[in-house]
Amino acid sequence: MSILEKLLKIDRKIIFIVMAILVLFPLLKPLGLGVSSGPRAKAVFDAVDAIPPGEVLLISIDFDPASMPELYPMLVALMRHCFARDVKVLLCGLWITGAGLADKAVTEIPPEYGKKYGEDVVYLGWKAGVDAVILGMGENIKNVFPVDYYGHPLDSLPVMQEVTRLRDIPFMVAISAGTPGFSDWLLYAQSRYGMKVGAGVTAVSAADAYPYLQTGQLTGLLAGMKGAAEYEVLIQKNGYSKAYMPAVAAMDSQSLAHLVIIALVLIGNLAFFATRKRRR
Amino acid sequence: MRRTIPLAICLGMGVLMMVQFFVPHPASVAFYDLTTKWIRIVSAFALVLGVGSLILYHLDRLRRKRQGWGYSIVTMVALVVTAVIGLGWGVKPGSPLQEVLFKNMLVPLNASMFAILAFYMASAAYRAFRARTKEAALLLIAAFIVMLGMVPVGSAIWGRLPEVAEWILSVPNMAAKRAILFGVALGAIATSLKVILGIERGWLGGGKG
């Protein structure tokens, strides 16, 4: 078997081992490639930065543990940005599997900034119905969520004294891994109630968001782990956080993983065309 | 009669909801508020249908001993255990459903499933992604640029690579996406009208009216 034929039949175990080593290596020894922020992430940052202190940012947790590495750092960075500026955070979710993930963030992030549950952050939880939930929140949030995720009546929470419906919220970010997600918030909250919507999506679904960016329906976009890393860099550069940046750390691994895939496709193609030419 | 009444309700509500959208009168808003509550209640019944359908499907697989029937046992056991724990101990934070099933089982299992995708994608791309035609070659080049443009190593290779990737996403990608969106939207309007006007009756189910 010639070298070209061997290159055409690389055992997938070897591919798996190479990939595992190249993903793990930068996590143990960072390469420090550096992340610069793009205009899409900057637009989300600017929109959050423009919320006056004391007002509320709504974050919708529309993802599951599978997309947690890409999307959870966005949630954490957004919450840190808000708490550093005394902006209150209201969370809800359209994915039932995301319910527990938001609970983790609500438990861990507010104490970093001395913020308290009920006064600075409220987590509404998940309700079935997607479009009916968003439309209902547009009329009266308490009709859809009479109690929060932890069972407290909304009337007993100070944050909810200032927020009755979606129109009372200056900006929202839908962090979504698919459907339901940002497109549902655009369809109902943005078009019907004129809400300003930003999105955080997985890299694979970023292409779906571009038409809405150009029309101005989406204020900004955090695309994949890079989007999360850009936001982490922005809040750190502006002095809102000094915490560890998990998405920035993971970008080195993602860079190498992309290079491996490109190299493998190139090797596969070169070997394929060379062996075909020889056979002819 | 069994078909006429649902068809009449569908026509009446379809027309009412369309008119309601353009009328800001308080009575219209109150009607809209009421109907969104109805939608939420009706949506909850979808769960009952879903669970019923899941049970019937897997019981049939088990009865006929179809290939992979062992997995049906796992599904059924998981369904019963989750339901018993959820109904018995509740779903609030700190409950066994949240602590044991969600945090310690679902989260790691779900994350692991997604994580191994990177390995399969690398292997599948190596085997299947061949530039056999001009179109495939173009797709391959565009994919390489976007892949590199989305990670820091891209700008380390060439400073303007992220801009080229952004152009691919903002211009050719968006043109194609927008065409698809228009097609989907027109299709959705046509289907909705057919349902409202009673031309499309598949949603009524089989059997004689």
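Two residues are taken to be in contact if their C-beta atoms, placed from the backbone, lie within 7 Å. The views show a predicted model, in which local features need pLDDT of at least 70, side-chain atom pairs count only at pLDDT 80 or more, and totals for chains, interfaces and linings use all residues. Residues are numbered from 1 along each chain as its sequence is written, while chains are lettered from A and ligands numbered from 1 in the order in which they are written.

**View 1. Helix H2 of chain A packs against helix H4 of chain B.** Arg12(A), Ile15(A), Phe16(A) and Met19(A) of H2(A) meet Ala118(B), Phe119(B), Ala122(B), Ser123(B) and Tyr126(B) of H4(B). Among the residues of this contact, seven are nonpolar, one is polar and one is charged. The axes of H2(A) (residues 12-28) and H4(B) (residues 96-128) lie 9 Å apart at an angle of about 130°.

**View 2. Helix H6 of chain A is largely enclosed by the rest of the structure, because eight of its nine residues (131-139) are buried.** A residue counts as buried if 20 or more other C-beta atoms lie within 10 Å of its own. The buried residues are Ala132(A), Val133(A), Ile134(A), Leu135(A), Gly136(A), Met137(A), Gly138(A) and Glu139(A). Their cover includes helices H7 (141-144) and H9 (182-193) of chain A, together with helix H2 (26-63) of chain B.

**View 3. Chain A is assigned domain 1 and domain 2.** In this assignment, domain 1 comprises 3-30 + 256-279 and domain 2 comprises 39-243. The centres of domain 1 and domain 2 of chain A, taken over C-alpha atoms, are separated by 39 Å.

Terms used. A residue is buried if 20 or more other C-beta atoms lie within 10 Å of its own, exposed if 12 or fewer, and partly exposed in between; C-beta atoms are placed from the backbone. Helices (H or I, at least four residues) and strands (E, at least two) are DSSP runs, numbered from the N terminus. Domain bounds come from an automatic or database domain assignment. Axes are lines fitted to C-alpha atoms, for helices over the stretch in contact, and angles run from 0 to 180 degrees between N-to-C directions. Ala, Val, Leu, Ile, Met, Phe, Trp, Tyr, Cys and Pro count as nonpolar, Asp, Glu, Lys and Arg as charged, and the others, Gly among them, as polar.
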